[in-house]
Amino acid sequence: MNTDKVDTEIPAPATGTILKIVLQEGTPAKVGELLAIIGAPGESVEGVSTTPESKVESRKSEPQPETLDLRPSTTSHLTNDIGFISPVVAKIAAEHGVNLSQVSGTGLNGRITKNDVLAFVENGKSNLGSQKSQVESHTVQPLIGDQLIKHTTMRKSIADHMVMSKRTSPHVLTVMEADMSRVTKHRGANKAAFERDGVNLTFTAYFMSAIVAGLKAYPMANSSWSDEGVLIHKNINIGMATSLGEEGLIVPVIKGADNLSLLAMARSVNDLANRARNKKLQPNEVKGGTFTLTNHGISGSLFAFPVINQPQCGILGIGAMQKRVVVIDDAIAIRPMVYMSFVFDHRILDGASADWFLAKVKETLENWS
């Protein structure tokens, strides 16, 4: 199953053999659309309709093979990073093919209402002509020898989410440098002990713990914007951007990160990263993030300008750790240093408050004990 947040395997709700595949792999599935027909080996599927409405009617007359389909939920639910969505809103969005992550909510705490979706649809129709002309003017003309690599579902989702984020909030970058001497020393002294517990003590666990300290000291950085006000989140749920190579990236979330010891944090980092790369994450494990860490330094990058994972307030990028010459107490020294790039929503944080948060992260790393 591919969604805008996760690529994972979902078991069928019934046992048997797939008798017919209605929607081929990679084909977008609408709410309530039939995916496949499951039944006993050799069972005939003639007369079985591939539309949900007639399928129900045909079952009244005679037994039919079990079917695997997606139906609209009859209860209200939460969607990926866009808050509480009612069944009515979900149904209207599905009917009109609306990506709810692109809709601005005017309800309580930024909730998306029925009128918000209808207004989005109407506005889209009025702008259709200009949008078409813009698309036509930006159409890429392939040259002889060019190779076209078709977009995957994940790549399209990443593209949509990144464009939406840049349009949603004003992104501002602030950068600080952290001396990792104490963290490096602590890791060297404890790595073997962690390994005996089956845990790989990576630097990511330290960064996650330092972010927790920063968010606890400055809760405004652990918030989301709404038209009614700034929603400060009680829980600290930190997303961890994980590269999947050329496929893209995914952001599993460590829930309740403020309640974890360094050992527990490292264990969670190991588990989520491994299952992300093996496509074993569950949908709820990529939801509910309130802040995000991206360790772009793994590939050698020193600086970055990450894009905020909406509707969060900010994202912290960590560069490659390098030994550099620094001045300490008027003396020249060599220290393991990293650049930390904090991108924040300027609607929520100003330069000073963003720097206070980042300074706390820096202080936590440099005074690790």
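A residue counts as buried when its relative accessible area is under 20%, as exposed when that area is over 50%, and as partly exposed in between (1.4 Å probe, protein chains only). The structure is a predicted model, in which local features need pLDDT of at least 70 and side-chain atom pairs count only at pLDDT 80 or more, while totals for chains, interfaces and linings use all residues. Residues are numbered from 1 along each chain as its sequence is written, and side-chain values use heavy atoms, with hydrogens and water left out.

We start with the chain as a whole. Its secondary structure comprises nine helices and 16 strands; these are DSSP runs numbered from the N terminus (helices: H or I, at least four residues; strands: E, at least two). Of its 369 residues, 39% count as buried. Contact means heavy atoms within 4.5 Å, and among contacts between residues at least 6 apart in sequence, 61% join residues at least 24 apart.

Helix packing comes next. Two packed helices are described by the angle between their axes and the distance between the axes. Axes are lines fitted to C-alpha atoms, for helices over the stretch in contact, and angles run from 0 to 180 degrees between N-to-C directions. Helix 7 (residues 203-217) packs against helix 9 (residues 351-366) at about 135°, with the axes 8 Å apart. Helix 7 is therefore oblique to helix 9, given that angles under 35 degrees count as roughly parallel, over 145 as roughly antiparallel, 65 to 115 as roughly perpendicular and the rest as oblique. The crossing of helix 7 and helix 9 is right-handed, a term used if the near helix is turned clockwise from the far one by less than a right angle (left-handed if anticlockwise). Among the residues in this contact are F207 and I211 of helix 7 and F357 and V361 of helix 9. The contact of helix 7 with helix 9 has ten nonpolar, two polar and one charged residue; here Ala, Val, Leu, Ile, Met, Phe, Trp, Tyr, Cys and Pro count as nonpolar, Asp, Glu, Lys and Arg as charged, and the others, Gly among them, as polar.

Helix 7 also meets helix 8 (residues 262-277), where the axes come within 9 Å and cross at roughly 120°. Helix 7 and helix 8 are thus oblique to each other, and this crossing is right-handed. The contact includes M208 and V212 of helix 7 and M265 and V269 of helix 8.

Now for the aromatic rings. Rings of Phe, Tyr and Trp (its six-membered ring) pair if their centres lie within 6.5 Å; planes under 30 degrees apart count as stacked, over 60 as edge-to-face and the rest as tilted. The structure holds eight such pairs. One of them, F303 with Y339, is stacked, at 4.4 Å centre to centre and 25° between the planes. F303 is partly exposed, with a relative accessible area of 48%. The pair of F342 and F344 is tilted, because the ring centres are 5.7 Å apart and the planes lie at 35°. F291, F342, F344 and F357 form one aromatic cluster.

Finally, the backbone deserves a look. Most residues other than glycine have a negative phi, and most peptide bonds are trans. D330, although not a glycine, has a positive phi of about 65°, and a cis peptide bond joins Q310 and P311, with omega about 5°.
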